[in-house]
Amino acid sequence: MDDELRNARLHREVLAAMIYAAEHVADVLRVCAAADGDDPSLREAIMTAFGFDEVQADAVLAMQVRRFTPRAIEQSRVQLAGLDELIRGSEVSGGESGFD
């Protein structure tokens, strides 16, 4: 169960970053436009601007345009809520604690 909870937490953090990016697309594009353009500088710019870790920044940079539609954002929110419920349930039933 520890691996399942760890994976759920990682997926949750990536999904949260993608939702944020989809809701703030102009800010993401502005940050990317100001970066040097190579992958490491883009990743660093996203990490710095939004407080994301490397995995989250890579996920944002890999997003396809179809992920920015209202329907896709809502589907991501539903997934996020499901992950939050899974994580809370695991913690209550004796799983790892300390999730922010």
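Student: Gln 75 first. What's its relative accessibility, and how does it count?
Tutor: Gln 75 has 45% relative accessibility and counts as partly exposed. Keep in mind that this is a predicted model.

Student: Which element is Gln 75 in?
Tutor: Gln 75 is part of helix 5.

Student: Next one along, Ser 76. Buried or exposed?
Tutor: Ser 76 is buried, as its relative accessible area is 6%, and the cut-off for buried is under 20%. Ser 76 also belongs to helix 5, which covers residues 70–92.

Student: What does Ser 76 touch, leaving out residues up to four places away in sequence?
Tutor: Leu 15, Ile 19 and Arg 67.

Student: What does the C-alpha trace span along its principal axes?
Tutor: About 45 × 30 × 15 Å.

Student: How much of the protein is buried?
Tutor: Of the 100 residues, 33% are buried. The accessible surface comes to about 6400 Å², and carbon and sulfur atoms hold 53% of that.

Student: What share of the contacts with a separation of 6 or more is between residues 24 or more positions apart?
Tutor: Residues 24 or more positions apart make up 65% of those contacts.

Student: Switching to helix 4. Which residues there are buried?
Tutor: Helix 4 runs over residues 54–61, and Gln 56, Ala 57, Ala 59 and Val 60 are buried in it. Looking down the helix axis, these buried residues fall within an arc of 160°, so they line one face of helix 4.

Student: What covers them?
Tutor: The cover includes helix 1 (2–23), helix 2 (25–34) and helix 3 (39–50).

Student: Which residue caps the N-terminal end of helix 4?
Tutor: Asp 53 does, with a side-chain oxygen 3.1 Å from the backbone nitrogen of Val 55.

Student: Charges now. How many salt bridges does the structure hold?
Tutor: Eight. One of them joins the side chains of Arg 77 and Glu 23, at 2.1 Å from N to O. Arg 77 is in helix 5 and Glu 23 in helix 1, so this pair ties together parts 54 residues apart in sequence.

Student: Which other residue meets Arg 77 in a salt bridge?
Tutor: Glu 74, with an N to O distance of 3.6 Å. Glu 74 and Arg 77 both sit in helix 5, three residues apart, which is about one turn of the helix. Glu 74 has a relative accessible area of 41%, so Glu 74 is partly exposed.

Student: What about Arg 30, what does it pair with?
Tutor: Arg 30 forms a salt bridge with Asp 27, and the closest N and O atoms are 2.7 Å apart. These two are in helix 2, three residues apart, so about one helical turn separates them. Arg 30 counts as exposed at 51% relative accessibility, while Asp 27 counts as partly exposed at 30%.

Student: Which residues are linked in a network of salt bridges?
Tutor: Arg 12, Glu 13 and Asp 84 are linked in one.

Student: Last topic, rings. How many aromatic pairs?
Tutor: The structure holds three aromatic pairs.

Student: And which residues form a cluster?
Tutor: Tyr 20, Phe 50 and Phe 52 form one aromatic cluster.

Notes
Residues numbered from 1 in each chain as written. Predicted model: local features only at pLDDT ≥ 70, side-chain atom pairs only at ≥ 80, totals over all residues. Heavy atoms only, no water. Helix = DSSP H or I, 4+ residues; strand = E, 2+ residues; numbered from the N terminus. Buried < 20%, exposed > 50% of the residue type's maximum accessible area, 1.4 Å probe, protein only. Contact = heavy atoms within 4.5 Å. Arc of directions from axis to C-beta. Polar contact = N/O pair within 3.5 Å; in protein donor to acceptor, adjacent residues only side chain to side chain. Salt bridge = Lys/Arg side-chain N within 4 Å of Asp/Glu carboxyl O. Areas by Shrake-Rupley, 256 points an atom, 1.4 Å probe, with all protein chains shown as cover. Phe/Tyr/Trp six-rings, centres within 6.5 Å; stacked < 30°, edge-to-face > 60°.
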